[in-house]
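Here's a protein to get to know.

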Amino acid sequence: MPTQQGHTAYAAPAATQRSSTASLASGGVLTVRRCLFVDNRATWGGAISMWMGWVSLSDNRFVANNATGGGGALHVSDNGDCATSPTCTGFEYVIVKSSGDYFAGNMAHEGGAWYSQRVDARIDLQNTSFE
């Protein structure tokens, strides 16, 4: 299980980034704790992009991240209607848990801070701030 803890991710010096600072595809669990994401840029999810899996965020700060597509800080997408299907193994859909996270000044074409391509993604927010 990938875990990031206590890191700071600033924008790379390159003029254009196509991928997020952290991304996970095709299932799995991503845990990010006490990290700072500042001024990152991507097409989808300026700081984090997640496709089919679980992401657990705790006590992070996402500031001034940008995406030309969706999710200035966080983009999540799943595999169609699996979130309501009893035959799913658990990684075909997206679960996002956020506790004590702070989002400020993030921008995107769709969803300034967060963007979910599926309305049935499971999102649990606790003590999470958006400015």
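Which strand is the place of Leu125? Leu125 sits in strand S16, residues 122–126.

## Ground rules

Before going further, know that this is a predicted model, where local features need pLDDT of at least 70 and side-chain atom pairs count only at pLDDT 80 or more, while totals for chains, interfaces and linings use all residues. Residues are numbered from 1 along each chain as its sequence is written, and side-chain values use heavy atoms, with hydrogens and water left out.

## The whole chain

The protein has zero helices and 17 strands. Both kinds of element are DSSP runs numbered from the N terminus: helices are H or I with at least four residues, strands are E with at least two.

Of its 131 residues, 47% count as buried. Buried means under 20% relative accessible area, exposed means over 50%, and partly exposed is in between, using a 1.4 Å probe and protein chains only. The protein exposes about 6700 Å², and carbon and sulfur atoms supply 50% of that. Such areas come from the Shrake-Rupley method with a 1.4 Å probe, and for residues only the protein chains shown count as cover.

Now look at contacts, meaning heavy atoms within 4.5 Å. Among those in the protein with a separation of 6 or more, 83% come from residues 24 or more positions apart.

## A three-strand sheet

Find the open sheet made of three strands in the order S6-S10-S14, with parallel pairing. Two strands pair if DSSP finds at least two bridges between them. S6 and S14 stand at the edges with a single partner strand each, so one side of each has no neighbour in the sheet.

S10 (residues 66–70) is mostly covered, as four of its five residues are buried. Two bridges join S6 (residues 41–42) to S10, and Ala42 stands opposite Ala67 in S10. Three bridges join S10 to S14 (residues 107–110), with Gly70 opposite Glu110 in S14.

## Rings on rings

The structure holds six aromatic pairs. Rings of Phe, Tyr and Trp (its six-membered ring) pair if their centres lie within 6.5 Å; planes under 30 degrees apart count as stacked, over 60 as edge-to-face and the rest as tilted. Take Phe62 and Phe103: their ring centres are 4.6 Å apart and their planes at 5°, so this pair is stacked. Phe62 lies in strand S9 (residues 61–63) and Phe103 in strand S13 (residues 102–104), so the pair ties together parts that are 41 residues apart in sequence. Phe62 is buried, at 1% relative accessibility, and Phe103 is buried too, with a relative accessible area of 1%.

Phe103 also pairs with Phe130: the centres are 5.0 Å apart and the planes at 10°, so they are stacked. This pair links Phe103 in strand S13 with Phe130 in strand S17 (residues 129–130), 27 residues apart. One aromatic cluster takes in Phe37, Phe62, Phe103, Trp114 and Phe130.

Is Phe130 buried or partly exposed? Phe130 is partly exposed, because its relative accessible area is 42%. Leu125 is partly exposed as well, at 43% relative accessibility.
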